[in-house]
Every structure is written in structure tokens, then in C-alpha cells.
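Subject: Structure for you to look at

Hello,

Here is the structure I said I would pass on.

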Amino acid sequence: MKTIAFLFIFTCLFTLAPVTAHEIVQLTDDIESIFLAPQWSPDGEKLVYVSSPGWHQANIWIMDSDGNNKTQITSGLTGFGFDYPWSSDGSKIFYSSIKYWIMPGSWTYDLNTEERKRIDRDFDKPVFSTDYLSAIYSVIFKKVYSDRSDGKSKIVSLQWVNESKLFIVEDEGDTQKLWLVDSDGTNKSLLTTLSGGNTRFLWQPEGNSILYVSKDSGNYDIWIMDSDGSGKKQLTSTPEDEYAMGIAFSPDGSKIVYASRNTIDRTNLSSFEGFFTTVWTMDTDGTNKTKLILPNASIYFYPSWSPDGQKIAFERRSDVGRYDVVVIKADGSDSAILTADIRGGAFPKWSPKGDKIAFVSLKDEKTDISIIILDEKWRSAQSEAIASLPAIPQGNGKKSPGFTISLVMMAFLIALELQKITR
């Protein structure tokens, strides 16, 4: 397995060497299930994740960080986006739900009271939430909500600003409306309206700026603006579209990591995507650009900063189709593959405590939630903003049901979501 991993590793600023982390622990043992995008609670004690027991279901579960006390909190066809389903105080979770196959909605779930509130009822038009839920929905029903000729709009981004406010982007096809909404769906305030090709909106931690990817200058580049839509500034200018799923703020909001898209010479390669990415960091004003990894026939997805901002975890897909979790020091001085000794890994998320990385582990045709217990070299100081998570029901020990899916299908789901976001 190590030999295979080495085959697709090319020139880097520093050698991207396989390492054995202190320990990798599999938290779920639910054979042949989909597990997508595990997300840590703000105090690092819980994980929320999506499991699919059948073609017509995708359920949200919560478990302790050691895999105990698995609790199912939704049923039917439900899911959440790539980032930030938790409120900052850990008391609520945002999720999407499709009712009766034709009535999608956006909801919050209170972990203390188990109360659910729909937050999109007072939008002017029907709202369709886009995340992995809609990817699964599209596969099942062969329906992709890219054609808005019917006048429908959809939520394409949601992020908690604090424990009481949600930042929501509503896409109407040729315009995007940016809102601040109370977590119960009331007091909706329009921040600004954008026109043209814009995607991947991120609210700045500890700040009031919005990072996004825009086509205003001809092709997709990274931009930043004030929360009221003023002060727009282009941060990158490249001949290729920037890669929207490789962008993230540092925990303090002062830096940006991004995977810059490059075309690939396919003469001697069989790249599925037809491009690769290089990894950079920069300040939020676009200065101090630093290349962390040179092109190496790989694509870097879903960056996750360590709580102290000193390291970054990525999902890396190689030209031969292998997925791995890699870590890179934020100054580019070192990097390593953390999943070299197992089948592979995807969707890494760094624990707020800094000592673990949760990810989706891949084995044959099965997926599970696992954690990497980091050794001293790659451990991070914990977040300064760790909050106490309110008590929630401890569950009944019930295991998530299973769902047969191949790695090819998982790759398809990823490609489908990326196509919607990057184009």
C-alpha cells in the first residue's frame, strides 16, 4: 500500500512523506454505510455525521468523540453542508430536510430541547438547500437544481456567525442575496445582492468580511468584501478558475489557505479531473502569498486548520484515484500523509482540542468515521474559544444502519457537488 502511495507523489517544496500517526481509531462499524463530512462540536466532545441506511434515507447522527452514545436526530432524507453545522455555543445544529420528496427545507435542531425550527419560511420563494443532501437527492431522482427557469431559489451557503445569527446565501440563478437571520428564522436582514457568477461564501472568523469566489474579472478568482457588500477586493488573479472547495479562513480570520487550480498535461497521465492544485496561504488583503506545495498531480480538497492556526489538514486525491488525509505546516516547512498505512481517507476535520482529526475512512467498498489521534509532532494547541456543550440525550446504543456504495459512487457524488460549486 505504501508503494502505491509513493507512485503519485511528485516534487514538493518539502517531501510529502508517509508517516504513522500515534493511532487511528475507527468509530463506526456499520458495514457498507455512507458517512459524509464528520463535524466536531465546538468543545470537541461530539461528532455529527450523516449515515444512509437506504436509497431513500440519509440520517443525521451524533456520537461522542470516542464513538460511544450514537444518537439519531433526524430521519428521512436529511443532511448538512460541508462546514459549520454547529452553532458556536454547541446548542444547535443546522440541517436540510426533504419532505415528501418535493418540499426541501432548512431547519435548526436544539440539542437541549430537541425542538426543530424551520428557518426559511419567510423567504419570498421556495428554497432548496444544497449540500450532500441534494447530491444524494440528485442521484436518486436524476434531478439537479441548476435550472432555475421555474423561478425557484435555493440556499447555497449557510454559516453560523455566532450562537444567535446565521449567514445565509440565497441563489436565484443570476443573482445571490446575502442575509443575516436569527437562528429561529426571524429577523431576516438583507446584507447585499450580487449579480453574476459568485460562489463559496465564507464569513470571516472574529471579523465582518466575507470571502467568496467570483467571476467578475473574467474567470473564477478569490475575492473578499465587507459584510454589507462594500469594499470588494480581488485577492487572486490566475489563468485558471480557482478551486472553490480548497479555500478556508484560519481560526483567527487573519489568513486564507487555498488550493489554486492548474491545468494538467494529460499526455502521460490519466487524471480524472483534468487539473491539479497547488496549495497556498495569504493574508486576508491578498499579500504575503506563500506556496506550501508545488504541483504534484494531486487535487487538494476541504482544508481544515488546526485550532492554533499552525497546521492545515487536507483531503488529497491523487492521479491514480487514491484519497488520503495529509497535513501541512502553515509555513510550508513540513508535510505528511497521515493515512498511508490504511486504505485512505476523506473529509478531514481538526478537533477544537487540537489532538485529533476526524475523517471518513475508506476500505474496499465501505466507509466509516475514524479519528487520527495525533502524535506530538502534529498535535495543535486547543482552540481558545472552546465552549461547554449542553447536555444532550445519550442515545440507546443503536448502531447506524448500512448502505451499499462503491468508491466510484462516492467519487461521483464528490464530482457532482464540485461541478455545482466550481462552475
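This is a predicted model, and its chain averages a pLDDT of 75, with 71% of the residues scoring at least 70. Among the elements of the chain, the lowest mean pLDDT, 33, belongs to helix 1 (residues 2-7), and the highest, 95, to strand 19 (residues 233-234). Residues 1-15 stay under 50 in pLDDT, and the model gives them 34 contacts beyond four places in sequence. Another stretch, residues 268-272, is also below 50; beyond near neighbours in sequence, the model has nine contacts for it. Where pLDDT is low, the predicted coordinates should not be read in detail.

In soluble globular proteins, nonpolar side chains tend to be buried together. The largest nonpolar core here has 37 residues, and the members that touch the most others are Leu47, Val257, Val279, Tyr300, Phe314 and Ile369. Strand 24 supplies the largest share of this core, with five residues. A second core is separate and has 16 residues, including Val50, Trp86, Tyr95 and Trp107.

Leaving aside residues up to four places away in sequence, Ile369 touches Gln26, Leu27, Thr28, Phe35, Pro38, Leu47, Tyr49, Met63, Phe359 and Val360. In strand 30, Ile369 is the bridge partner of Val360.

Strand 29 (residues 356-363) has seven of its eight residues buried, so the rest of the structure largely encloses it. Strand 29 and strand 30 (residues 366-373) run antiparallel and are joined by eight bridges. Strand 29 also pairs with strand 28 (residues 345-350), again in the antiparallel sense, over four bridges. Strands 28 and 29 make a hairpin with five residues between them, and Gly354 in the turn has a positive phi of about 85°.

Now strand 24 (residues 298-305). How many of its eight residues are buried? Eight of the eight are, so strand 24 is largely enclosed by the rest of the structure. Strand 24 pairs with strand 25 (residues 311-318) in the antiparallel sense over six bridges. Phe301 has Glu315, in strand 25, as its bridge partner. These two strands form a hairpin with five residues between them, where Gly309 takes a positive phi near 75°. Ser318 is found in strand 25. Its relative accessibility is 4%, so Ser318 counts as buried. Ser318 and Ser298 are 20 residues apart in sequence, but their C-alpha atoms are 4.4 Å apart in space.

Strand 17 (residues 209-214) and strand 18 (residues 221-226) pair antiparallel over six bridges. Ser214 stands opposite Asp221 in strand 18.

Then the rings. A pair of aromatic rings is described by the distance of the centres and the angle of the planes. The structure holds six aromatic pairs. In one of them, Tyr258 and Trp280 have ring centres 6.4 Å apart and planes at 15°, so the pair is stacked. Tyr258 lies in strand 21 (residues 255-263) and Trp280 in strand 22 (residues 275-283), so this pair ties together parts that are 22 residues apart in sequence.

Phe301 and Tyr302 make a tilted pair, 5.4 Å centre to centre with 35° between the planes. Both Phe301 and Tyr302 are buried. Together with Phe347, they form one aromatic cluster.

Last, two charges over rings. The charged end of Lys188 sits over the ring of Trp179, 4.0 Å from its centre. The charged end of Lys329 sits over the ring of Trp378, 5.8 Å from its centre.

Regards

Key:
Residues numbered from 1 in each chain as written. Predicted model: local features only at pLDDT ≥ 70, side-chain atom pairs only at ≥ 80, totals over all residues. Heavy atoms only, no water. Buried < 20%, exposed > 50% of the residue type's maximum accessible area, 1.4 Å probe, protein only. Pairing = 2+ DSSP bridges. Phe/Tyr/Trp six-rings, centres within 6.5 Å; stacked < 30°, edge-to-face > 60°. Lys NZ or Arg CZ within 6 Å of the ring centre and 35° of its normal. pLDDT = per-residue confidence, 0-100. Contact = heavy atoms within 4.5 Å. Core = buried A, V, L, I, M, F, W, Y, C linked by side-chain atoms within 4.5 Å.
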